[in-house]
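Colleague: Before I look at the fold in detail, could we go through its strands, one of its helices and its pockets in turn?

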Amino acid sequence: MTAAPATAPPTTAPLAGFTVAVTAARRADELSALLRRKGAEVIAAPALRIVPLSDDQRLAAVSDDLVRRPADVVVATTGIGFRGWVEACETWGTVDGLLDSLRSSRLLARGPKARGAIRAAGLTEEWSPPSESSAEVLDHLLARGVQGLRVAVQLHGEPLPDFTAALRLAGAEVVEIPVYRWTQPEQTAPLDRLIDALTCGGVDAVTFTSAPAAAGLLARAGATGRTDALVRALRSDVLCMCVGPVTARPLMAHDIPTTWPERARIGSQVRALAQELPARFPALSVAGHRLRLRGHAVLVDGTVHTLSPTLMRLVRALARRPGQVLDRARLLTCLGEDADAHAVETAVARLRTALGDPALIQTVVKRGYRLALDTPGCG
């Protein structure tokens, strides 16, 4: 007689039980979907708004000038920016002249997206750095020499003063191409709610896909008097996952710890988050079970048990000193100002039921409660 197959252990999405914030304006839906696929609850609130400049006379004037006097070197910094520039010239009927001008220039692409946009326009780039860094593009230009050259730089949402100043100091004539700019969202209420959630412990990680988004979050906190509270949260309880080191710079300027994947892609960003966020919460062996805390849930042997904020505060307090006895007075602080001593017993009973095994939390008579840690010698 064939033996019945063993029951497979439960599988858990790596971000189940966590709440992750998305600050992106572009591709927010795509990033949110990837995070939800990993099991996360997602709060999406754009920290910036992209304002296209297709009707901007400054962009039109710069484009006409480059048609009349082509640049020796053109630097494309972003794919969306380069495409937007070409599309704007299409609306003005000047795209053929622009493309002819660009064909006579040496084209540099900051990264693969900019390189793809150049090629999509029927052009060919001369060089692109492996690091996708503006600093490496600058080093390349300065090493080749720019004395007496006309260098056009496509901006990406904000000025690049250090980049352009270094070129001018080296003797270049610099033409800035303002394709689009960043500004605060039209509706700031979602961003304000996100800042509330970040500062009150309702978010476990926040994602950034651009430096202006990181700067925009900090700027909005400053405008509403919550910079200190936000920075404290981002330095301690909230994991800041950036798409790359350039994106992280506004946060690093505030001494906020940041991390990013090896490749600056949102897919890589989500995979890195799915590894790093759970690793912040070590597993405990409790009453013969494997216990792991998450942001708003507890995993017991791989099964997700979603808890209320009150019960999460209670189990966090117990897990913060695993195996040690916590008296009722200390646990009472987890339940709110109006709770009484009896409320601790009620909350512990609810927590035992929610976790599925009363043995996980042990009552120590006349002393309090503790997690029933399997490690000997606890007490």
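Colleague: In strand 1, which residues lie on one side and which on the other, and are they buried or exposed?

Modeller: This is a predicted model, and strand 1 covers residues 19–22. In a regular strand the side chains alternate between the two faces of the sheet. Here both faces are covered, with Thr-19 and Ala-21 on one side, Val-20 and Val-22 on the other, and all of them buried.

Colleague: Turning to strand 13, which strands does it pair with, and in which sense?

Modeller: Strand 13 is joined to strand 12 by three bridges, and the two run antiparallel; in that pairing Arg-292 has Leu-299 as its bridge partner. With strand 14, residues 303–306, strand 13 forms four bridges, and Ala-297 stands opposite Thr-306 there. Strand 13 (residues 297–300) also has buried residues pointing both ways, Ala-297 and Leu-299 one way and Val-298 and Val-300 the other.

Colleague: What caps the N-terminal end of helix 3?

Modeller: Helix 3 has 14 residues and reaches 20 Å from its first C-alpha to its last, close to the 20 Å expected at 1.5 Å a residue. Its buried residues include Phe-82, Trp-85 and Val-86, and just after the helix Gly-93 takes a positive phi of about 75°. At the N-terminal end, a side-chain oxygen lies 3.0 Å from the backbone nitrogen of Gly-81, and the capping residue that supplies this oxygen is Thr-78.

Colleague: What is the volume of the largest pocket, and which residues are closest to its centre?

Modeller: The space in the largest pocket comes to about 1200 Å³. Of the 50 residues that line this pocket, the closest to its centre are Thr-78, Arg-110, Thr-209, Val-246 and Thr-247.

Colleague: Which helix gives the most to the lining of the largest pocket?

Modeller: Several elements each supply at least two residues of this lining, among them helix 3, helix 5, strand 8 and helix 9. By residue class, the lining divides into 25 nonpolar, 13 polar and 12 charged. The element that gives the most, with five residues, is helix 11.

Colleague: And for the second largest pocket, which helix gives the most to the lining?

Modeller: The second largest pocket has a volume of about 790 Å³, and of its 31 lining residues the closest to the centre are Gly-201, Asp-204, Arg-294, Gly-295 and Arg-316. Helix 8, helix 10, strand 12 and helix 13 each supply at least two residues of the lining, which divides into 15 nonpolar, eight polar and eight charged residues. The most, six residues, comes from helix 13.

Note on methods. Residues numbered from 1 in each chain as written. Predicted model: local features only at pLDDT ≥ 70, side-chain atom pairs only at ≥ 80, totals over all residues. Heavy atoms only, no water. 1 Å grid on protein atoms, 1.4 Å probe; cavity = no way out; pocket = protein on both sides within 12 Å on 5 of 7 lines; lining within 4 Å. Points joined across faces, edges and corners; volume = space filled by probe spheres on them. Nonpolar A, V, L, I, M, F, W, Y, C, P; charged D, E, K, R; others polar. Expected span 1.5 Å × (residues − 1). Buried < 20%, exposed > 50% of the residue type's maximum accessible area, 1.4 Å probe, protein only. Polar contact = N/O pair within 3.5 Å; in protein donor to acceptor, adjacent residues only side chain to side chain. Pairing = 2+ DSSP bridges.
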